[in-house]
Structure formats: C-alpha cells, structure tokens
Amino acid sequence: MAEKINCRGEAKLLKMNKSKKIFVITELVLAGLIILMAFIIFQEKRGKALGKISVIIQDSDDNQWSAFKYGLKMAARDKGAEMFVVSTGKILTPEEQMEVINGEIDNGADAVIVQPAPGMDTKKLGKRLKKHVPVMLVGRTVSRDGRVGSPPGVGPDNYAMGQALAEELLNDYNGSLKGKTLGVMAEMNGSVAVAERLEGFEEAVEGHGAKLSWRVTESFGEGESNSLAGQTKVDIVVALDDKSLTTAGACGAANDLHGALVYGIGNSTEAVYYLDTGVAECLIIPDDFNIGYHSLTEVAEKLGFYFYGMKNKKVSYRVIRREELFHPENQEILFAISQ
Amino acid sequence: MGEVKDKRWGYIRKLKPKEIQSTIMIAFSVISIFIMLFLGIVLYFRISALTRQETVQDTQKLMEQTRENLEDYLVSMRQISDAVYYNVIKENDLSGLGNKIQSGMNLIYEANRDNLRSIAIYNNYGSLMEAEPVALQKEDPDVTKQDWYQKAMAKVENMHFSTPHIQNLFDDATQRYYWVISLSRVVELNDHGTSVKGVLLVDMDYSSITRMMKQINAPNNGQYYYLCDNTGKIIYHMQQMQIGNGFFHENNQAVAKYKDGVHSETFEGESREVVVDTVSYTGWKLVGVIPDSTFTHGMFNIRYFIVMLILLMAMMLAVINRVVSERISSPILKLDDSVRGYEAGDKPEIYIGGPQEIRHLGCSIQRSYEQIDQLMREIVLEQNERRKSELDALQSQINPHFLYNALDSITWMIEGERNDDAVFMISELAKLFRISLSKGRTVISVKDELQHAQSYMNIQKIRYKNTFSVRFDVDESIDLYCTVKLILQPLLENAINYGVGSMEDCGEITVSGREENGNVILSVKDNGMGMPEEEVENLLTDHNRVPAHGSGVGLVNVNNRLQILFGKGYGLTVESELDEGTTVSICIPALAFTEENRKLLEKGYSFGGENKLSGRSEIAQDE
C-alpha cells in the first residue's frame, strides 16, 4: 500500500517536474528570441558598411583617373561600400606597390583594386599578400582569349585600341601610308597595357607603306617636350598613352612638332582639349568610368557574398574626332572625365 | 479514408491536455497568442501606413522647398538676363565708345559670378558681339547650330532654358570643360543706330543645380530625387552615368507625362511612389522616387521591435498564465489527489480548501465516502449474518431426517428382539448426535467428521442388513484439519440410495481421505450403476431437482455450504460412469483445526475465493 502511495507521489512529482521543465524551456526560448531581435535591431542601427576597399593606382592624382575615380565613387555609393584611393607617386615599382597593398591590408582594407605596377607578376600577387583579401586588377587587357584570369581584372582591350587607332589613321589616308613617316610615343616603363597597344598599332599599320622614323618608349622626365621636339620631323605622331598624348599635344600646341598630326589614346581633359583645339586629329578614350564602376562592383559583390566568383570584364573604348566631340553621346564621357 | 480520419482524430485526442492546469494554461496561452498576434499585426500595419504617409509628406515638403530654391535660382538667372538686356543692351549701342556694354555686362557678371559661367551676345549671324568674362572664342563654334541658339530664334518672345551641356564657346586656358545650363533669348541690338536681332546667352553653372540636388539626395536610404525636362530628358540624376551606361534605368520618359502630385507606379518589377513637382518658367520636373524598399527599410526596425514586444509579452503572459492556472487548478488538484488517495486505500481524508465551490465539493465527497464506508461495514455484517443463518438452516434440515431414519431402524430392531443390535444402534446414534451437535459449532475436525460418517454407516448397514460393505481409507495426517460438519453423511446417503442400496451383497462404498496440494480431499466412492454424463453435469447446478430418495438434502446443499465457508474455489466434484459407479469428492483447504481458525471460519472469514474479505486478517496456519 505504502509502495502504491509512493509510486503515485513519484508520478505526480515527475509530472510537475515535466511541466516546470516545459515552462522553463519556453521562457528560455522566448528570452533567446528577444535577445536575437535586440541584436538584429542593434546591428541594423549600426548600419555596418559592406567593407573597406582600397584602390592603388599609379600616379593617383593625375587627371587621367578622373573618370575611373568617378566610376569607383558611383559604385561605392550604389553598393554601400567604403572606398579609398591611395595617394601614390608617379610610378611605383612592384616592390613598392606590394608594400602599399600590404600596408592597406594592415590598415583594415577588406579588398584591394590594383593597377599592377610595370613588371608586377600578378599571378603571384595573391601569395604575397599578408592576408587573403579579394584583389581586382584594373587597366590591363583582360585575357584576349576570354579566359578568367587570376586575380580577375577589368580593363579595355589594349591591343584592339592600338589597332583601332591604326585603322583611323589608315582611313584618313585612304588605307595607304606610303611615304608617310611615323613617330610613336608610348610611355611603357614596362607597362603591359601600353606594350599591347603598341603591338596592336604596329601590326595594323604594317604593310601599309608607313615608315617608322622613331619610337619613344621611355618615361618622359623634365624637359620632355624639348626632347620630343628634338626628334626627327615626322608626318604623324602616334601617342599610345595619356601621358604621351598630353606631351605631344603640348608640343603640338607650341608648334614644336613641325606640323605633324597627332593621333592618340588618352583619358584626360587635356587630351580632349588637344582634340578640341585641333592639335590632335583623333582620340581614342577607354571607358574608364566603366573600369572603375565594374571593378568596385565586383569586389563589393565578393565582400557581400564570400562564394561569389569575381568576373573579368572587358570595357569598351570610344573613337572621337574633333567634329563629333560635343555630340550628345560623347558628352557623357566628357562628363565623367571632367569630374 | 475513414481509417485515416479516425487516425487523425486519434492524434488530436492524444494531443488533448489531460490535466486541468495544462488545459487552463494552454487555453490562456492560445488566447493570449492570438490577441498578441492580432494586436501586433494591426500595430504594424498602422505604423507602416503612418510612416508611409509621413515619408511621402516629408518628401513633398522637401521637394517643395527644393523646387522653390530652384525657382529662385532660375528667377535670379532671368533677372540677370533681364538686367543685361534692359539695362545694358537696350541702353547702349554696340558701336559706342568706351564699350559700355562690356562694362555693364562685367558689372553684372561680377555680382553673380558664383552662379554664372558666362554672358555672351551673338548677332543674327551667330557672330560673337560681346562676352563676359572676356575669353578667346574657339575657332569655329558655329553657334547657329547649337541648340540654345536655335531655340531662341525659333520662339523669339520666350526665354529658353537648355538642358545641361558642355559649354563649347570659349577656349579655356585651364583645359577644362564646364557643364552649363544656357538661358537664351532673342534681343534687339543697336548697331550704329540700327536695330538688329541678336541672341543673349546666359550660361549658368550647372554645379549650382548639382549642389541643390546633391543636398536632398544625401541620405542613402533608397529614396532619391532627380530633375528632368518636360520631355523626360534628365537634367540631374545622381546615377546619371549609370543610366547612360545602362547599369541603372529610370522611368523618366513616363514620369515627364505625370501631373504634379503623388503617383504609384511599378517600374522594373518594383512598386514605388513617385512625387512630381513642376518647376516654373522651365517646365522641368523635380521628381522624388520612394521605392517600396525605402518604406520597408524604415519599417525594418519597427518590425523587429514589434516582434520583440510580442515575445516580451508572451514571456510575461506565460508567467502570469502559469500563476493563474496554478491558483485555479491547485485546490482541484489537491482534491483530486485526496480522492485518488482514498481510492488507493488511504483514510477518507478529503481535501477541503480553496474557493467556496471546491470546499463544498470536498465536503460533499468527504460525507459521501464516510457514508459509503459505513454502508460497507453494515453490508459485510449483514452478509455474515445471512450466511450464518443460511448455514444454520441447512444444518437444521439434516437433523430431523437422521433422527427419523435412526429411530425407525431401532424400532424395527426392538420389534425383532434384536436388542444387541438396538443397543449398538442407539450408541452409534448417540455418537452421531454428539458430533452433529458439537456444542453448536459448524466447524469440526476431519477426525470427528469421519467418526460421524462411520457411525452413520454403521446405522445404515444394520438398516440395510449388511447388503453392502463400507471401507474407510483415510490418511491419519488429515485428522486434525478443519472441515464443516455433516458433509460426508449426505454423500454416503446418496451412495446408498442411488448406488449400492438396491444391490445384493456386492455393494461397496469406499470413504477415502488425503492431503493434496495444500487441500484436503475426502471422497465417497460406490460401485453402483452410475449415471449418464448429462446428469452428472446437472447434479451440482440444478437447484430445483426433486430427490427420488432420502432426506432431500442433496449434493447441492453440501456444495453450497462448503463454498459459503471456504469460497468458490472449493466444494464438490462428481465423477460417474454408467455401470461402474460414482465418486463424489470434497475439496477443502488444509487448515489446521485450532480454536482460533475455527472461530475465524465461523465468523465468516472465508479462505480465498470470490467472497473473501480482503486484507483484514489472515487465517493463521499452524503447521
């Protein structure tokens, strides 16, 4: 009998304990959910930015980067990312650039956009980083064969741009440059991009009768105008980068080119000005706004989603003649580069 | 189908709470959750609607202010144009000495240089007459092909505002390009006293408008503002370049046709509110776009806050529900516990407490249980009394019968002068009655019962002139066990009457006794004619049977007596085969014949069986 009573008491106790346990678990679950909600609200109030993206480009204060920087700025705004363009000197060596990149990573950069310094082995770039962060290259030709590079990059087809410039030149001379002398300016300093432009241009004009009088591929230092003026007189000066074009333009404006016509690739207001004033005959402008916008968008996507695979992007370029410089379709490019 | 339904109902039934506290708690909780959810949803939608309304109103106010600023700016530009025209151009001749027009324009330009890029006057051939600031005109701008010039010439009476464009008139030594909005109008120029038509151009700095628009576009919450002309051409958009490059799309062409006010539209799958406000003088439209995501973004925190509030309330209500349900159910549970305790054999101490209703219920149950207990006791007593009187009645049926038989035999012996036999008969009769009386006891020892059977058989043998023989085969070990008196005698009587009574010399009755599995088995076997199986089956069950011979005290009576005293597990067993004979066995428990056991048995405490009075006392077994 006593056993029976004990059993009943134990069952009752068990039932009470079970009920209490369910109650305590319910309260704990509710408390957990409240804490979660508070955490979400707190996080939302803090409004955490997507991440900090550092941009390392050569001679960052140069006018040629205006459209690129504007593209970066717009993309940063659209994607809610924090973007910072590192102030750099005229030309960085690969070692200096690595130092700058790692310095930025040390300073909390979550991703970097890099214009590789001339001579930089981009394939080993990832391994030399202090910390594994997304890296996007800009300015270089993105794999002509369509391959996805590592690290990925955004840039124009430099080879095609060189070719396009040659085609414009040939068009102006009805496809024959017979008897014409050419002077080519390409401030390469080991830059792959400029080398590709040169390659494209030279291959396109080859066999059309032009005589290459001189080719300057060195960096223009002080007195560069004089040094250009000191070159042999040519009929056509071809400038394959913005620096060369502005140098040639300045030279032409000062009537130091002995009447040579200037054809070039550039992306600064100065380059546009020389086209506008008739110093340059034809200007090819790469779509730097797109380079900036796409590179940052891809990096931001990667920061937003770890497994996102950043893609290569080949941007376009525009061939502009003086008479169509202010056409509405070109005004957008002028808008970007005059920012 | 039906099975599935039944199964489902089965699950639902299983889910039903079985305790009052759980029922109350679940009921309260379900009601609370529904109320909270309802309130939460209503609250959310109300706040959402208010926030939406407020956002649209704020946007309208901000746009109104910006529109006024833009209008002020445009009015000031018009005033500049008017001042140049009416105070400078109309008052002076282009060929005048000292160039008063230039100095007048210079004064106005200097006063407004923050907002102005240039002021220029062109004649009807598109030649530059005057310009401020003085700058080198480009080689061949050919203004007659420029939009602002053509518009001015097309409608001479109007002032024309262009959309933003790069100024393509002067050679800026800084090699920069400026974005301007041109205000152009046809003016009458005095050239050597002759009135000629010309165009006055005031180029406003686009950055002034950009600044105003950037200011209102600063908060990056998805909401944005843009400016377009009446054809939908964008004048300012914070994503102007993205639109140009196709990264972003704007519904500007459709919006240009909207009237002032708030419009709901769906653009590229997104619902949004569009607020349109037209800027005077220009027909430009200031457009505010509030995508649905902006409202959602604003409501994000509120949504979570409401959920948090609901959870907090749920947490508190869970505690309150538990306390309340405990308060309500506690007295009921206590009452239930005490009732269960009573059912399990506790004393009937029913819980009386809690609210008045429960107290009343407790009192009623307590009283009922007390009454039931009392009634039970009375029933037990009555039952015992009834059994005893029944037993007494059965025994009293036997006694006269015996007496009649015995006296009849003695009479018959005396008449036949068989005095010795009569003496023997009387002495056997005396033994028989001594045991029959047994001082009024019902329970006697097996030994006495056998003695009684022997005396009875001795009497019967004389009466039947020894036509049958009797053999007693009994283990002495059973002598001192308890038995009910006068149970063998009716069996022997039956054996004689229906078995061996009619046989000549070869009749034999065997009385045997032994202990078997804790029971005492006494049997009476005859070698008479036996009986069919059906008769055997009815022998112990048919109460209405009329006996053919004897006292009428049949096997049924003996069986009843045994079962009344020892329980249903005991009694008689009859085995019979035609022409072979019959064996009737008595089965009783092997209880030692002590005074204590005898008294207990006679009081009515049965040994096992259905009538057993449970657990009150055990019958002592002294072996």
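Predicted model: local features only at pLDDT ≥ 70, side-chain atom pairs only at ≥ 80, totals over all residues.
## Residue A:V135

A:V135 lies in strand β4 of chain A, which spans residues 135-138. The residue has 22 other C-beta atoms within 10 Å. Because the cut-off for a buried residue is 20 or more, A:V135 is buried.

Apart from neighbours within four places in sequence, A:V135 is in contact with A:V112, A:V114, A:L125, A:G126 and A:P151. A:S54 is 81 residues away from A:V135 in sequence, with a C-alpha to C-alpha separation of 9.8 Å.

## Contact between chains A and B

Chain A contributes 35 residues to the contact and chain B contributes 31. On the side of chain A that touches chain B, two or more residues come from each of α1 (2-46), α2 (66-79), α8 (269-276), α9 (288-304) and α10 (328-337). The most are given by α1(A), with 15 residues.

By class, this side of chain A has 21 nonpolar, seven polar and seven charged residues.

## Helices α11 and α12 of chain B

Helix α11 (residues 446-463) and helix α12 (residues 488-500) of chain B pack with their axes 9 Å apart, at an angle of about 30°. Angles under 35 degrees count as roughly parallel, so α11(B) and α12(B) are roughly parallel to each other. Their crossing is right-handed.

On α11(B), the contact is made by B:E449, B:H452, B:A453, B:Y456, B:M457 and B:Q460; on α12(B), by B:L488, B:Q489, B:L492 and B:I496. The contact of α11(B) with α12(B) has six nonpolar, three polar and one charged residues.

Note on methods: Residues numbered from 1 in each chain as written. Chains lettered and ligands numbered in written order. Helix = DSSP H or I, 4+ residues; strand = E, 2+ residues; numbered from the N terminus. Buried ≥ 20, exposed ≤ 12 C-beta atoms within 10 Å, placed from the backbone. Contact = placed C-beta atoms within 7 Å. Nonpolar A, V, L, I, M, F, W, Y, C, P; charged D, E, K, R; others polar. Axes fitted to C-alpha atoms, helices over the stretch in contact; angles between N-to-C directions. Parallel < 35°, antiparallel > 145°, perpendicular 65-115°, else oblique. Left-handed = near helix turned anticlockwise from the far one by under 90°.
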